Amino acid sequence: MGSTEAPTPVQAPVCSIVNEGPPAPAACSIVNEAPAPATDSKPKKKICCACPDTKRLRDECIVEYGESACTKWIEAHKQCLRAEGFKV
């Protein structure tokens, strides 16, 4: 009845946001890497469920500092969505 296979370890995602603009919340580590290039395939997720880390950071920044101060976070989220296959 029980499986003898060991569960596959899951790695927590790391936000791919350039270290510029307002400070990031402590829950996200910031790296200076560009996201993977966008592919022409159909997205595997709904846009509301894609890129939860960058979405959260973007939303927190907008609430705290206003949209005009968060263009770097907004663009980082758009880049993540493009990497997931969305056309934004």
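**View 1. Helix 1 and helix 2 come within 9 Å, axis to axis.** The axes of helix 1 (residues 52-65) and helix 2 (residues 71-83) come within 9 Å and cross at roughly 160°. This is a predicted model: local features need pLDDT of at least 70, side-chain atom pairs count only at pLDDT 80 or more, and totals for chains, interfaces and linings use all residues. Residues are numbered from 1 along each chain as its sequence is written, and side-chain values use heavy atoms, with hydrogens and water left out. Helices are DSSP runs (H or I, at least four residues), numbered from the N terminus. Axes are lines fitted to C-alpha atoms over the stretch in contact, with angles from 0 to 180 degrees between N-to-C directions. The two helices are therefore roughly antiparallel (angle over 145 degrees).

**View 2. Residues where helix 1 meets helix 2.** T54, K55, L57, R58, C61 and I62 of helix 1 meet W73, I74, A76, H77 and C80 of helix 2. Contact means heavy atoms within 4.5 Å. By class, seven of the contact residues are nonpolar, two polar and two charged.

**View 3. A salt bridge joins R56 and E60.** The closest N and O atoms are 3.6 Å apart. A salt bridge is a side-chain nitrogen of Lys or Arg within 4 Å of a carboxyl oxygen of Asp or Glu. R56 and E60 are four residues apart in helix 1, so about one helical turn separates them. The structure holds three salt bridges.

Note on methods: Angles under 35 degrees count as roughly parallel, over 145 as roughly antiparallel, 65 to 115 as roughly perpendicular and the rest as oblique. Ala, Val, Leu, Ile, Met, Phe, Trp, Tyr, Cys and Pro count as nonpolar, Asp, Glu, Lys and Arg as charged, and the others, Gly among them, as polar.
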